Amino acid sequence: MTTAPGTAPTPLERPAYRFYVLGMLMVVYTFNFIDRQVLAILAPYIQAEMKFTDSQLGLLGGPAFALVYSTLALPIAWLADRMSRTTIIASSLAVWSGFTALCGLATGFTFLFASRMGVGIGEAGGVAPSYSLVADYFPKAQRARALAVYSFGVPIGTGLGYLFGGLLAAAIDWRAAFVILGLVGVLLAPLFKLTVRDPIRGGFDRPETAPEAPLVVTPAPVQQAASFGQVWAVLLKKPSFWFLSFGAACSSVYGYGAAFWLPSFFQRSMGMEGAERAWYMAGIALFGGTIGIWLGGWLADKLGKGVKRAAYPLVPAVGFVIAVPLFFLAMNVEDKWLAFFLFLIPQALSLAWLGPVITAIQHLVPSHMRSTASASFLLINNLVGIGLGIYLLGAVSEYLTPRFAEEALRYSLYVGQWFYGLAAILLFISARSLRRDWVD
C-alpha cells in the first residue's frame, strides 16, 4: 500500500488521479440523469403529438424505468463486488445511452415504454459500483464530500437534460433531442473504460492506512466477495439501514415526482413555453441542487466526526422540514423570477440528503459488501421513489382535472409535499441507532 522510499508515485497513486476518477464518475452520473430526466422537459411535446394522458406519462417516467432499474441493480452490484467495476459502469453507460437514442424513434406508447425500460436496464449498473469506487478512492474523513461531488451529477444532469432537451426540442423536435443526447453518452463509454482503473477494495479502511496513502490497482480476492444472504443478514440486524432507506425513498417520491412534473406545471400554470421553460428549469436544478448537495456533504463531514454519527441523517431531516413550506410558497408567487429564487432554496434542501445518507449506508457494512449494500438501498429508494412518485403525481393530476382543469397539477404537487415530512420523521428515527450500527 505504500510507495518505496525514493520511488516516484505512479500516476494512479497521485491525488490528482483520484480527483480525475471522481470527475469522470460525476460525468457518467451526469449522463445518467440527463437520460433519465430529459423525458420531463420533452413530456409536453410528446403529449401534444401522441395525446398521452398524465397517467400514461407517469407510467413512462416512473414504472417503465424504475421496475427494471431497481430490481436489476442488485444482481449487477453482486457482480461488481466480484469483477471489474469500471467495465460494468462503462458497459451500462453504453446501454442506457443507446436506449435513450432509441426513444427518438418511438411510434407509440408501447415502443416508448419498452425503450424507457431499456434505459432503466442500463442505468441499473451505474450507481452502486460507482459508490463503491468512490469509497475506495477516498479516506473516511473525505467520503461524504467525495460522494457529494459525485452526486453533483444529479443536479447537473437534471439541469442539462432540461436545458439541452428543451432547446433541441424547440429548435428541431423532441425526437432529435433523444437521439443526440443518447449518442453523446455512447461515445463517452470507451473513454471511461480506458482511463479509469479499479483500486484495491477497502484500502482506506485498514487501520494502518494513512489518509494520503497511495492506491494500488489490485483486484479484490474472489473469496472476499459476500453473497446476497451474507449482506442481507448484516443489514437485517441494522434498524438504521431501513429507516435511512425508507426515509430517502419517501423524499424521492416527491423529489423525482416534482422534477418530472414541474416543467409541465410551469407550462400549464405559469404560461412558460419552449426555450424559456428549459432555461428556467435548468437554472433551478443546477444551482439549487449543486449548492444543496455540497452543503449537505460538507455539514455531515464537519458535524459527523468521531461519535457524532447522528449528524448524517439529521442534516437532511432538518432540510426537508424547512423545504416543505418554501416549495408551497414558491408555487404561489405570481412573479416568475421571484418564484425562481424561492425555488432554489427548497431545491437545495431537498437534495442535501445525498452525500450524508449515501455515506452512512457505506458504513453499515464491511468494504467487500458495499456494492451490494448500496444496491439494496437503491432498490428501496428507486422502486418507491421513481416507481411511485412520478406515476402518483400524474394519476392525482388526472383525477383532479375534471374539477381543477389546468390547475390540477398544482394540487397534485401540493399532495406530494407531505412525503418530505414523512422522510424527515424516518431520518430523525434513524439517528438513534446509527452510532451503534456504524462500521469503521
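Reader: In which helix does S269 lie?
Author: This is a predicted model, with local features needing pLDDT of at least 70, side-chain atom pairs pLDDT 80 or more, and totals for chains, interfaces and linings using all residues. Residues are numbered from 1 along each chain as its sequence is written, and side-chain values use heavy atoms, without hydrogens or water. Helices are DSSP runs of H or I, at least four residues, numbered from the N terminus. S269 lies in α11.

Reader: How many cavities of 30 Å³ or more does the structure hold?
Author: A cavity is a set of 1 Å grid points where a 1.4 Å probe fits but cannot get out. By that test, with a cut-off of 30 Å³ or more, the count is three.

Reader: What is the volume of the largest cavity, and which residues are closest to its centre?
Author: Volume here is the space filled by probe spheres set on the points. For the largest cavity that comes to about 390 Å³. Its lining (residues with an atom within 4 Å of a point) has 33 members, and those closest to the centre are F33, V154, G255, Y256 and L351.

Reader: Which helix supplies the largest share of the lining of the largest cavity?
Author: Several helices each give at least two lining residues, among them α1, α8 (153–171), α12 (274–303) and α16 (370–404). The lining divides into 23 nonpolar, nine polar and one charged residue. The largest share is eight residues, from α11.

Reader: How are α1 and α6 oriented to each other?
Author: The axes of α1 (residues 15–50) and α6 (residues 127–137) come within 11 Å and cross at roughly 165°. Axes are fitted to C-alpha atoms over the stretch in contact, and angles run from 0 to 180 degrees between N-to-C directions. The cut-off for roughly antiparallel is over 145 degrees. So α1 and α6 are roughly antiparallel.

Reader: How do the residues of the contact of α1 with α6 divide?
Author: On the α1 side, Y17, R18, V21, L22, L25, Y29 and N32 meet V127, S130, Y131, L133, V134 and Y137 of α6. They divide into 10 nonpolar, two polar and one charged.

Reader: Where does α4 meet α5: which α5 residues take part?
Author: Helix α4 (residues 85–103) and α5 (residues 109–123) have axes 7 Å apart, at about 165°. That makes α4 roughly antiparallel to α5. In α4, S92, V95, W96, F99, T100, L102 and C103 take part, and they meet, in α5, F111, L112, S115, R116, G118, V119, G122 and E123.

Conventions. Parallel < 35°, antiparallel > 145°, perpendicular 65-115°, else oblique. Contact = heavy atoms within 4.5 Å. Nonpolar A, V, L, I, M, F, W, Y, C, P; charged D, E, K, R; others polar. 1 Å grid on protein atoms, 1.4 Å probe; cavity = no way out; pocket = protein on both sides within 12 Å on 5 of 7 lines; lining within 4 Å.
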